[in-house]
Amino acid sequence: MRKLADRLASITSFHVMVLMEQAQQLEMQGRDIIHLEVGEPDFPTPENVVTAGVRAMEAGKTRYTTALGLPALREAIAGFYQNRFGVAVPASRILITPGASGALGLLNTLLFNPGDGVLLTDPGYPCNDNFLRQVGALPQRIPVGAETGYQLSAPLVREHWRDHTRAAWLASPSNPTGTLIPMAEMSAIKQEVDAREGALLVDEIYHNLVYDSEPETVLSLPDEQDSLFVINSFSKYFNMTGWRLGWLVAPQQHVSDLEKLAQNYYLAAPTIAQHAALEAFSPESIALYEERRGIMGRRRDFLLERLPRLGISIPCVPQGAFYLYCDVSAITDDSFAFCQQLLNGCGVAVTPGIDFGEHQAKRYIRIAYSANMERLQEAIDRIGQFIGR
Ligand SMILES: Cc1ncc(COP(=O)(O)O)c(C=O)c1O
């Protein structure tokens, strides 16, 4: 048998894939499955954005862009930061990437040597660990609970930083918990990181999707030490998952190295998607996105009210993303088995906690409210009947 790279052994796949395959088989047998496991919005890309993509194709805009991305799109993102958040981010610091995922690969290659440590939360987005291992870096996963909103805090960063630690990697709002890091805490974390000459990586891919407040960005904090790297994407708020487009805001001094890496890794982000994304910032698109944000918020409130009645508790109210990180320990001591039971028993697919780490993973499931209200209501009824509540 062909010998493959040793590093493969350290890369994990999603347990939820097993469930999704089972769901597919059940669907092929004619069962109706409610999908609350999927990490993408159920809304289609707005029509005007799609039309902009089609027009670009028809106009023959089908060749590579430069590795940093279309200048007009980099300007449009800079304009978005300025107009929406009042934050001046020069377009020259913005790189267009193939999804936020493209940015993750660049950052790991830019920043980490083998043996370098990076602070992350457990639970957290699992691909981050895998990206780090690709470059031989060491994920330092810090167990977090509802007391810190499942997020890192300045004291946790202080407590867990070691000699080999080079960075802290945060997500606000987070996947899987939907929780935010308040800006004051973010600032305190940044001070801890800066004091240790580390880098602060902040994944803001869900940051426009918040429901109790107006969105904020970590880019509003001063960054004299050039330590801040911010990842974002057109996938979630902009409803463009399949277009594979994201962006990275980096300190100016690192842009040319990132450009060099991008040229080698992927040459450029998808051209058609970049032209389509220009339209995502039009007033018409933003009005629709905001309407959809309102819909997401109402779904969250509905589930926050109904799930606890089924014995499914949400220890920490998520302010954003479209996920609820639910404690099912009143019902089961193995949330993965519970996910399988829910799928087979009542046709509701959710994601097990083990997909996001090890800390208390068997207590938790992630429910994504990326389904319409009717389907959510139906899911609640089915789960209620299935577990006899
Ligand atoms: C926290 C987080 N970061 C990054 C990504 C990557 O998204 P994309 O590559 O579609 O932009 C995801 C996708 O679900 C995510 O949840």
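How many bridges join E2 to strand E8, and in which sense do the two run? I started my notebook with that one. Four bridges join strand E2 (residues 94–97) to E8 (residues 246–249), and the two run antiparallel.

**Ground rules**

I am reading a predicted model, in which local features need pLDDT of at least 70 and side-chain atom pairs count only at pLDDT 80 or more, while totals for chains, interfaces and linings use all residues. Residues are numbered from 1 along each chain as its sequence is written. My helices (H or I, at least four residues) and strands (E, at least two) are DSSP runs, numbered from the N terminus. I call two strands paired if DSSP finds at least two bridges between them.

**Entry: strand E2**

Next I checked which way the side chains go. Ile94 and Ile96 point one way from E2, Leu95 and Thr97 point the other way, and all are buried. For me, buried means that 20 or more other C-beta atoms lie within 10 Å of the residue's own, exposed means 12 or fewer, and partly exposed is in between, with C-beta atoms placed from the backbone.

**Entry: strand E5 and its partners**

Is strand E5 (residues 165–171) mostly covered or mostly open? I find E5 mostly covered, with six of its seven residues buried. On one pairing, strand E3 (residues 117–122) joins E5 in the parallel sense over three bridges, and Leu119 stands opposite Ala168 in E5. On another, five bridges join E5 to strand E6 (residues 199–203), again running parallel. There I noted Ala171 opposite Asp203 in E6.

I then followed the chain from E5 through helix H7 (residues 183–195) to E6, which together make a right-handed β-α-β unit. Right-handed here means that, with the strands pointing away from the viewer, the path from the first strand over the helix to the second runs clockwise.

**Entry: two cis prolines**

I came across a cis peptide bond from Asp122 to Pro123, with omega near 15°. Pro123 lies in the loop between E3 and helix H5 (126–134). Another cis bond joins Ser172 and Pro173, with omega about -5°. I placed Pro173 in the loop between E5 and H7.

**Entry: around the ligand**

Which residues come nearest to the ligand? Of the 13 residues around the ligand, I list Gly99, Ala100, Ser101, Ser233 and Ser235 as the nearest. A residue counts as near if its C-beta atom, placed from the backbone, lies within 6 Å of the molecule. Helix H4 (residues 99–111) gives the largest share of this shell, three residues. By class, I have four nonpolar, eight polar and one charged. In this scheme Ala, Val, Leu, Ile, Met, Phe, Trp, Tyr, Cys and Pro are nonpolar, Asp, Glu, Lys and Arg are charged, and the others, Gly among them, are polar.

**Entry: two domains**

The protein chain is divided into domain 1 (6–44 + 285–384) and domain 2 (47–282), with bounds from an automatic or database domain assignment. Their C-alpha centres lie 24 Å apart. The contact takes 34 residues from domain 1 and 38 residues from domain 2, where contact means C-beta atoms, placed from the backbone, within 7 Å. On the domain 1 side, helix H10 (283–306) gives the most, with seven residues. That side has 17 nonpolar, 10 polar and seven charged residues.

I found three strands forming an open antiparallel sheet in the order E9-E12-E11. Strand E11 (351–352) and E9 stand at the edges with a single partner strand each, so one side of each is left without a neighbour in the sheet. Two bridges join E11 to strand E12 (residues 364–368), and Thr351 stands opposite Arg366 in E12.

**Entry: two positive phi values**

Asn239, in the loop between strand E7 (228–233) and E8, has phi near 55°, positive in a residue other than glycine. I count Asn239 as buried because it has 22 C-beta neighbours inside 10 Å. Gln360 lies in the loop between E11 and E12, and its phi is near 50°. With 16 other C-beta atoms within 10 Å, Gln360 is partly exposed.

Terms used:
Contact = placed C-beta atoms within 7 Å.
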